[in-house]
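Here's a quick briefing on the model below. Have a look at the structure, then go through the notes by topic.

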Amino acid sequence: MAMVGAVLLASFAPQWGRSEGVLHLGQVTDVGVFLLFFLHGMGLSTDSLKTGASRWKLHVLVQACTYLLFPLWWGLLYVSLGRWLPHDLAMGFFYLAVLPSTVSSSVAMTALARGHVAAAVLNATLSTLLGVFITPLLVSLVMSGQGHELDVGHTMLKVAQQLLLPFVIGHLLRPWLSGWFTRIKPITTVFDRAVIVLLVWSAFSDSVADGLWTRHGPWLLAQAIAGAVIFLMPMLWVTRRAARALGFDVEDEIVAVFCGSKKTLASGMPMAKLLFGGNAAMGVLILPIMLYHQLQLFVCAVMARRYAAREARTIVSS
């Protein structure tokens with residue numbers, strides 16, 4: 001609801017939220033993103049990573065879905081349907097396809113479904129770290145020839161400085177600050193969401209001021225919603241079928257489904273700011289991940305409850 005409110009506010013009063021507007025949200029969100037990833041690093045438990053490290057087949061499957069299957073699915077859809085999509089929206093779906101998996105909701109859904117939480121933590125963290133390098137590389141290779149010029153080396157350096165560096169610093173300081181972090185955990189959750197909302201507000205304000213809605217309209221939103229459905233549903237099916245074909249138990253299947261099908265808004269928005277900041281089309285480029293994020297939360301919450309109910313029935317019958 002906060003993101004919807006940010007988009008509406010940007011649509012009617014874009015001057016307030018522009019990066020270089022009266023609130024200077026460009027500088028505010030830079031600081032917010034640094035602190036956000038610092039806190040993410042501090043919240044990462046090394047013990048959880050060690051516990052989940054032995055399931056290498058599961059980790060390979062999840063990362064392959066995240067960085068190979070998603071882009072291949074985008075390529076197939078682009079060849080088949082790309083002619084009917086606005087170019088910037090098609091590139092927005094490519095950006096969605098090459099993003100890392102989400103961390104917090106993947107772990108939360110896995111826990112709700114009674115899956116292997118430690119393996120989910122490791123996969124989500126590994127995906128985020130790989131995304132610092134893989135996502136800018138793939139974006140540069142594909143989108144540089146599509147009207148979005150990017151210097152791959154410079155882009156990777158910027159992403160590493162603003163996302164990876166604070167993450168590593170936060171994790172290294174965890175032994176000394178973990179008690180403090182535990183006490184402020186409720187505040188960090190609110191802060192996490194607030195930074196994402198500010199990024200959405202700023203991005204859409206810049207795009208609306210540059211003519212986002214005058215050039216497109218409601219049809220753009222309908223196409224983006226349909227595209228999000230076409231991305232999520234096949235991925236949920238494929239990850240489940242692949243996990244069963246590989247002989248995974250139910251706990252690992254849950255990890256494969258929830259980590260292999262999800263895409264991160266928490267990392268996707270800051271990375272979009274670094275990759276596309278100043279681009280008039282940024283509002284369109286981030287629209288797919290905004291809608292996909294909402295859809296994946298709703299659908300995966302329903303699936304997690306079904307997994308949990310099935311496990312409860314199994315325990316009772318045994």
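Which residues make the nonpolar surface patch of about 660 Å²? They are V31, F34, L35, L165, I169, L173 and W176. Before going further, keep in mind that this is a predicted model, where local features need pLDDT of at least 70, side-chain atom pairs count only at pLDDT 80 or more, and totals for chains, interfaces and linings use all residues. Residues are numbered from 1 along each chain as its sequence is written, and side-chain values use heavy atoms, with hydrogens and water left out.

**The surface patch**

- A patch here takes residues with over 30% relative accessible area and no salt bridge; nonpolar side chains (Val, Leu, Ile, Met, Phe, Trp, Tyr) are joined within 5 Å, and like charges within 9 Å.
- The areas come from the Shrake-Rupley method with a 1.4 Å probe, and for residues only the protein chains shown count as cover.
- Two elements give two or more residues to the nonpolar patch: α3 (25-42) and α9 (152-172). Helices are DSSP runs of H or I with at least four residues, numbered from the N terminus.
- Helix α3 gives the most to the patch, with 3 residues.
- I169 sits in helix α9, and its 32% relative accessibility is why it counts as partly exposed (buried is under 20%, exposed is over 50%, and partly exposed is in between, with a 1.4 Å probe and protein chains only).

**Salt bridges**

- There are 3 salt bridges in the structure, each being a side-chain nitrogen of Lys or Arg within 4 Å of a carboxyl oxygen of Asp or Glu.
- K273 and D30 pair up through their side chains at 3.6 Å, N to O. This pair joins distant parts of the chain, with K273 in helix α15 (residues 265-276) and D30 in helix α3, 243 residues apart.
- K273 counts as buried because its relative accessibility is 18%, while D30 is partly exposed at 33%.
- R240 bridges to E253, with the closest N and O atoms 3.8 Å apart. R240 belongs to helix α13 (residues 218-245) and E253 to helix α14 (residues 250-261), so the pair ties together parts 13 residues apart in sequence.
- E253 also forms a salt bridge with R244, and there the closest N and O atoms are 3.1 Å apart.
- Put together, R240, R244 and E253 are linked in a network of salt bridges.

- Helix α1 (residues 2-12) has M3, A6, V7 and A10 as its buried residues. They cover an arc of only 95° around the axis, so they lie on the same side of α1; the arc is taken from the directions from the helix axis to the C-beta atoms.
- The largest nonpolar core has 69 residues, and V200, F231, F258, F276 and I286 touch the most other members. A core is a set of buried Ala, Val, Leu, Ile, Met, Phe, Trp, Tyr and Cys residues joined through side-chain atoms within 4.5 Å.
- Helix α16 (residues 282-317) gives the most to this core, with 14 residues.
- Beyond its neighbours within four places in sequence, F258 is in contact (heavy atoms within 4.5 Å) with residues including M109, A113, M303 and Y307.
- A second, separate core of 15 residues includes L61, A120, F248 and V255.
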